Amino acid sequence: MLTGNVIVFIDGNAATYPQGTTYRQGMSGGGFPSRTGVRARRGSCTHGVEAGEVGILKIRTKALLTIVAITVTITVLSLLTGLFSIRDGVETIVAYDMKMIGSIASKLASERLELLKRETRSAADRLYNLSTGELIAPARITQMLEQEIQYYQHVSMALFDSEHKIVAAHGSNIPDISYAENEFAKRAYDGEVIVSSTETAKDGGLLIRVYAPINGYILVSTLPGLIISDLVDEFRILGSGNIFILDKTGTMIANSYLEPVLERRNLVEMAKERGRYNDDDGLFVRMTKGESGIGHYIRDDEKRICAYRPIAGSDGWSMGVSAPVSDTSVGQTERVLFISGAIIFAIGSIVAFFAAGVIAKPFESLRKMTRIAENASAAKSTFLANTSHEMRTPLNAIIGLSELALDAGELPEEDMDNLEKIYNSGVTLLGIVNDLLDIAKIESGKFELVPVDYDVPSTINDTRSLNILRLADKPIVFRLSIDETMPSRLHGDELRIKQIFNNLLSNACKYTHAGYIDWAVGWERDEGSEDGSIWLVSSIADTGVGVRQEDISKLFTDYNQVDTRSNRSIEGTGLGLAITRRLVEAMGGAIGIESVYGKGTTFTVRIRQKIASTSPIGPVTAEALCGFRYSANKRVRGKELIRVQMPYARVLVVDDVQTNLDVAKGIMKPYGMQIDCVTSGFEAVDLVRGATTRYDAIFMDHMMPEMDGMEATRIIREEIDSDYARTIPIIALTANAVIGNEEIFLRRGFQAFLTKPIDMLKMDAVLRQWVRRKELENGQETRELPAENVAGAANGNKKADCVDETDPGIDGLDWTAGLNRFGGDTSIYTSVIRSYLTNTARLLDQIRKVQEGTLAEYAIVIHGIKGSSYGVEARGIGKKAEELEYAAKAGNFDFVRRNNPLFIQAAEAFLARLAVLSDAARNDNDRPGSHAPDETLLARMEEAAANFRIDTMEEVMNALEGYAYETQTELIAWLREQVDRMEFTPICERLAQRKREAHKPAEERK
């Protein structure tokens, strides 16, 4: 063990502890000293205000304009602050007062309704003879009704028997027999005393009726319709305010102003017409739903504030207390604030005039200093942007070309191993390039972790493979120690975990010239964790140059390298350890260092992670890792990928290019899900809004004509008012794999981000995270199948007997890579190629006549061709389409005009070569004969098209194409074309028309 001091950094604070300090006892942060004196360092920036170019205006004028601008800013900010804060406070007081008035008025209205109910119920009870258990003598009923009307001052009363016939009635506006069958009467027969809404009488007045049950009979009492309006008329709100009552349909049944009551205005309907009433807040609808609160609406172009609440004991009635905003103290406060703002501005302008001369000189100095700071900041930003761009360009080539070579899998094992190292090095180097941008994100507070389930042995092996290369020919022994009991899969930000390990191992390799580097990886349970987290512990010890004690506190600062004189030959930006510390802290961990100058250094990192799989790494894998025999080639893992069977799941794929839909379906088909497809954002929005089919996830293309994926997602999230729309997982699909895009998509309502061509490993991770529902798999025979067996399981373990499995050798098509993309299922891949043939030809027709004014539409179409070409591994065509897409987006019409005809020519030649494969797949020689297509299959096709069931359509189409027909062969060919293009409506219309023709008499068909 090295000797020296232990330096522990937590949140950027350094503390020195003597050797032998125990990490576990009495310390926080999972074994590190408790944090004390935490301070956040923040940069500052001074902004100067210039009135014009130097030399045009005098400094005094600039200072004057600056002060005036500050005065305006302060005035505006003060005014806005006052408007928002004071107004909110005043409006709260006004709202409270109106709620109090509404509470009192609502209580009175409720009591009045209860009184009306009691009066009618009492009258009903008096018609019932308690001793005999029957109604009083029929001769006395009419007399009793007349007495009740005189006593209660009702308009009329009528008694209906159980057969809805009038037994007796007295008064005017007596209800006829139809009243015994309406909603209120039915509820009265069931034992409820209820007050109806208003209705127009024969003489043009208004009436309200009260229904009361009497042992199988009902008594209907009629009252004046303005009886409730008379009650609310007693209240006056701020002079021009009023109280109104709506029934459950939104009809006005009481108001201080009689006109809307007599006209029985329905405010919900009038608000929809946006005439006299404008209710963007939805206040009237909320009232009809029985809600309470404060809202606003506009009547006759005048904004009004309204407190509303339901009326107890009524049939869904709601009371509103309303007043114009301008008449309240809110409007008065606004006027006072505007006057105050004008006075402050005037005073500030006068002061600015006299103060300008005093502060002109120091202001000029401040302006110069500001310019220097801004130039320095701009230079830093330019440096970061240029570095990122210039290094990503060659790195994309390194990563892409090495990945293509690895996908081919035709090189010797040693060359494949070297290529794998190149690929891993390129990916890691790309991450290192991002360090410069990471530090800027962290400082600006925009940095976010992206946790996923990851394979621990693969993470360790990738990191080890990269750093072995850094040792070159140095006489250094690299030793790896793995805790075999560690969980094999963890949940965390794998990219950042690798970044931490790489930064520390990179330092060890750079500063160690001879001796050893020991890397130990283990774990500890976090006993205090409630979510089952563990501590991932990594210790990296070397026999390098070490660090001076006085330099240890500088190790984790930005852009800093210690002992630069001794280490001047060692490359580095000085950001690695600074980013490492911040990443570790972001994961809830800590980093410690032991170092003796000239003898070596040990870094210890503890990071909190969650367990994704309780299965341990095991002694075999641990031994293979430590012996450098572990192969974690992601392509091998792809072939051994376990597909979880999810027959309970249903997903929607949205893309305007049919081939892209077929690619996505082909990759997801082995999971046993139901997959629906639509070709526009409009259709996706309609399906979510209708909610007749509830999906477990939506895979949404980014670039689509008319409505792109982002707009469709925004509408689903914000404009469809349902928990289903707000919470359904939406995964972005895009061919633009630009760094930073993922953050944009996640910020705009998407849950995940997949780039085209779709990587099946990433698709598998997305499906497991957002679609899989383990609770539905309990007790079911849900299988997990390796990729090599999935195709057989999906097709009954039968090989496709229409296409040879060997590479057909079509120039421009990477058959092997394409077949691997679809799990080795030849039938799925050839089906996707057939779709590509049909739809690409149609897309080429759309771009033959490109004009400068239609470049935006051209870019969307060529983008679709690019994505579908990459999806079927036609990378040559995809690359040409990508060049044209970038030119179109940049507005380079000359490039598009020159190269578009050449692209179309090359694409058509490629499609002609593909047609040979498609023709072979449709060979009729081995198909049995049939007179005509099966009507049952055609009916299933019509039903599937009507319900957007693309899987069923494809199944039926394959069955129809299994025969050679004597008649109607053109119908089968037409159906295949429509299915490939996903033209649902034409299929439904033609098959429906065909059935109508079949049912016509013979003479009509002639």
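**Rings and strands**

Guide: Start with Phe745, which counts as buried at 1% relative accessibility; buried means under 20% relative accessible area, exposed over 50% and partly exposed in between, with a 1.4 Å probe and protein chains only. This is a predicted model, where local features need pLDDT of at least 70, side-chain atom pairs count only at pLDDT 80 or more, and totals for chains, interfaces and linings use all residues. Residues are numbered from 1 along each chain as its sequence is written, and side-chain values use heavy atoms, with hydrogens and water left out.

Visitor: Which residue does Phe745 form an aromatic pair with?

Guide: With Phe753, in a tilted pair with 5.3 Å centre to centre and 40 degrees between the planes. Rings of Phe, Tyr and Trp (its six-membered ring) pair if their centres lie within 6.5 Å; planes under 30 degrees apart count as stacked, over 60 as edge-to-face and the rest as tilted.

Visitor: And Phe753, buried or exposed?

Guide: Phe753 is buried, with a relative accessible area of 15%.

Visitor: How many aromatic pairs are there in the whole structure?

Guide: A search finds 8 aromatic pairs. One of them is edge-to-face: Phe501 and Trp519, at 5.3 Å centre to centre with 70 degrees between the planes.

Visitor: What does that pair tie together?

Guide: Phe501 lies in helix H12 (residues 494-511) and Trp519 in strand E20 (residues 515-525), so the pair ties together parts 18 residues apart in sequence. Helices (H or I, at least four residues) and strands (E, at least two) are DSSP runs, numbered from the N terminus. Phe501 is buried at 2% relative accessibility, and Trp519 is buried at 1%.

Visitor: Which residues form an aromatic cluster?

Guide: Phe244, Tyr277, Phe284 and Tyr297 form one.

Visitor: New topic. In what order do the strands of the open sheet come?

Guide: The 5 strands run E26-E25-E27-E28-E29, with parallel pairing; two strands pair if DSSP finds at least two bridges between them.

Visitor: Which strands stand at the edges?

Guide: Strand E26 (674-678) and strand E29 (752-755), each with a single partner strand, so one side of each is left without a neighbour in the sheet.

Visitor: How many bridges join E28 to E29?

Guide: 4 bridges join strand E28 (residues 730-734) to E29. Leu733 has Leu754 in E29 as its bridge partner.
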